[in-house]
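Welcome, and thanks for taking a look. Here is a short tour of the fold and its aromatic rings.

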Amino acid sequence: MNERQKILNNHIAQSNFQKIYLFFGEEPFLVDYYTSAIPKKITSQDNIYIYDGEEAEYEEIYENLISFSFNIQPKVFVFKNFLANTNNSKLKVNDIVDEVI
């Protein structure tokens, strides 16, 4: 286990999370593990939104980002395959970030 994994495991064990995580690498098992474990520790399944860059629709992402949560738990968004070359030309991640910030 490397130093970064130890830090992430500490975050999970202590429920002390950063606002943004970026997972990438050659071990998809670890990426899948952390993109599943962290959101489950932060909020309920109803407040976890997972989007794939190949299939995601800009309007849906935007609406979920700006809508209010009707319970006290935070929303967690997981974006997968958004940095890879994508055929989804309607989806512009920079536009989404710019509008939300």
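## A tyrosine out of the solvent

Let's start with one side chain in this predicted model. Tyr51 has a relative accessibility of 6%, so Tyr51 counts as buried, the cut-off being under 20%.

Tyr51 has a ring partner: Tyr51 and Phe79 form a stacked aromatic pair, with 5.8 Å from centre to centre and 20° between the planes. Tyr51 belongs to strand β1 (residues 48-52) and Phe79 to strand β2 (residues 76-80), so this pair ties together parts that are 28 residues apart in sequence.

## The phenylalanines of the ring pairs

Phe79, at 38% relative accessibility, counts as partly exposed. Phe79 also pairs with Phe77: the ring centres are 6.3 Å apart and the planes lie at 10°, so this pair is stacked. Phe77 is partly exposed too, with a relative accessible area of 21%.

## Other rings

The count of aromatic pairs comes to seven. Elsewhere in the list of rings, Tyr21, Phe23, Tyr33 and Tyr34 are linked by ring pairs into a cluster.

## The chain as a whole

Stepping back, the protein chain has four helices and two strands, and their order along the sequence is α-α-β-α-β-α. Of its 101 residues, 27% are buried.

Among contacts with a separation of 6 or more, 70% are between residues 24 or more positions apart. The accessible surface of the protein chain is about 7800 Å², and carbon and sulfur atoms account for 52% of that surface.

Conventions
Residues are numbered from 1 along each chain as its sequence is written. This is a predicted model: local features need pLDDT of at least 70, side-chain atom pairs count only at pLDDT 80 or more; totals for chains, interfaces and linings use all residues. Side-chain values use heavy atoms; hydrogens and water are left out. Buried means under 20% relative accessible area, exposed over 50%, partly exposed in between (1.4 Å probe, protein chains only). Contact means heavy atoms within 4.5 Å. Accessible areas come from the Shrake-Rupley method with a 1.4 Å probe; for residues, only the protein chains shown count as cover. Rings of Phe, Tyr and Trp (its six-membered ring) pair if their centres lie within 6.5 Å; planes under 30 degrees apart count as stacked, over 60 as edge-to-face and the rest as tilted.
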